[in-house]
Amino acid sequence: QVQLVESGGGLVQAGGSLRLSCAASGSIFSINAMGWYRQAPGKQRELVARISSGGRTNYADSVKGRFTISRDNAKNTVYLQMTSLKPEDTAVYYCGAARYYSTSPSDYWGQGTQVTVSS
């Protein structure tokens, strides 16, 4: 099993920045990709950004150029640096981790952290 604990959410004005952190513990050796997902009220959970164990990244079109995902393997932590935040970025942000050879985008989930962007 893998445990994921997010931190760093909060309230910020439009145009501001936040950095989210996700610390992983447990069977870390089994994890390949880690990512950030978000879910706004009344909407489905969607991928924000994802990073593989080798450092390959992919982003949702809506956040390209504004968000940066990074990973510190020594600390078992993944970060999401969010800049130029918009009200439409408001959502609960979840950290996810996928095992090697998994067919799911994520096998483990954190509890989520609220990000609210005011206009």
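Trainee: What share of the residues of the chain count as buried?
Mentor: 40% of the 119 residues count as buried. Keep in mind that this is a predicted model.

Trainee: How many helices and strands in the chain?
Mentor: Zero helices and 11 strands. Read along the sequence, the pattern is β-β-β-β-β-β-β-β-β-β-β.

Trainee: What about the radius of gyration?
Mentor: The chain has 13 Å. A compact globule with 119 residues would have a value near 14 Å, so the chain agrees with that. The C-alpha trace spans about 40 × 25 × 25 Å along its principal axes.

Trainee: And what share of the contacts is between residues 24 or more positions apart?
Mentor: 55%, taken over contacts with a separation of 6 or more.

Trainee: Next, the core. Which residues of the largest nonpolar core touch the most other members?
Mentor: Leu-4, Met-34, Trp-36, Leu-80, Met-82 and Tyr-93. The core holds 28 residues.

Trainee: Which strands each supply at least two residues of this core?
Mentor: β1 (2–7), β3 (18–26), β4, β5 (46–51), β7 (67–72), β8 (77–82), β9 (91–99) and β11 (113–118). In soluble globular proteins, nonpolar side chains tend to be buried together.

Trainee: Let's take Trp-36. Buried or exposed?
Mentor: Trp-36 is buried, because its relative accessible area is 0% and the cut-off is under 20%. Trp-36 is found in strand β4, residues 31–39.

Trainee: Switching topic. How many aromatic pairs does a search of the whole structure find?
Mentor: Two. Tyr-37 and Trp-109 form an edge-to-face pair, 4.9 Å centre to centre with 75 degrees between the planes. That pair links distant parts of the chain: Tyr-37 is in strand β4 and Trp-109 is in strand β10 (residues 108–109), 72 residues apart.

Trainee: How accessible are Tyr-37 and Trp-109?
Mentor: Tyr-37 counts as buried, at 6% relative accessibility. Trp-109 counts as partly exposed, at 36%.

Trainee: And the rings of Tyr-100 and Tyr-101, why is that pair tilted?
Mentor: Their planes are at 50 degrees, so the pair is tilted, and the ring centres are 6.4 Å apart. Stacked would need under 30 degrees, edge-to-face over 60. Tyr-100 is partly exposed at 39%, whereas Tyr-101 counts as exposed at 82%.

Trainee: Which rings does the charged end of Arg-45 sit over?
Mentor: The ring of Tyr-94, 3.7 Å from its centre. Also the ring of Trp-109, 4.5 Å from its centre. Trp-109 is one of the residues in the edge-to-face pair with Tyr-37.

Trainee: One more arginine. Where is Arg-38 found?
Mentor: In strand β4. Arg-38 counts as buried, with 6% relative accessibility.

Trainee: Which side chains make polar contacts with the side chain of Arg-38?
Mentor: Asp-89 is joined to Arg-38 by a side-chain polar contact of 2.9 Å. The side chain of Tyr-93 makes a polar contact with Arg-38, at 2.9 Å.

Trainee: What else does Arg-38 touch?
Mentor: Leaving out residues up to four places away in sequence, the contacts include Gln-44, Arg-45, Glu-46, Val-48, Phe-67 and Glu-88. Ser-62, Val-63, Ala-91 and Val-92 are also among them.

Definitions and conventions
Residues are numbered from 1 along each chain as its sequence is written. This is a predicted model: local features need pLDDT of at least 70, side-chain atom pairs count only at pLDDT 80 or more; totals for chains, interfaces and linings use all residues. Side-chain values use heavy atoms; hydrogens and water are left out. Helices (H or I, at least four residues) and strands (E, at least two) are DSSP runs, numbered from the N terminus. Buried means under 20% relative accessible area, exposed over 50%, partly exposed in between (1.4 Å probe, protein chains only). Rings of Phe, Tyr and Trp (its six-membered ring) pair if their centres lie within 6.5 Å; planes under 30 degrees apart count as stacked, over 60 as edge-to-face and the rest as tilted. A charge sits over a ring if NZ of Lys or CZ of Arg is within 6 Å of the ring centre and within 35 degrees of the ring normal. A nonpolar core is a set of buried Ala, Val, Leu, Ile, Met, Phe, Trp, Tyr and Cys residues joined through side-chain atoms within 4.5 Å. A polar contact is a pair of N or O atoms within 3.5 Å; within protein, one must be able to donate a hydrogen and the other to accept it, and residues adjacent in sequence count only if both atoms are side-chain atoms. Contact means heavy atoms within 4.5 Å. The radius of gyration is taken over C-alpha atoms; the globule rule is 2.2 Å times the number of residues to the power 0.38.
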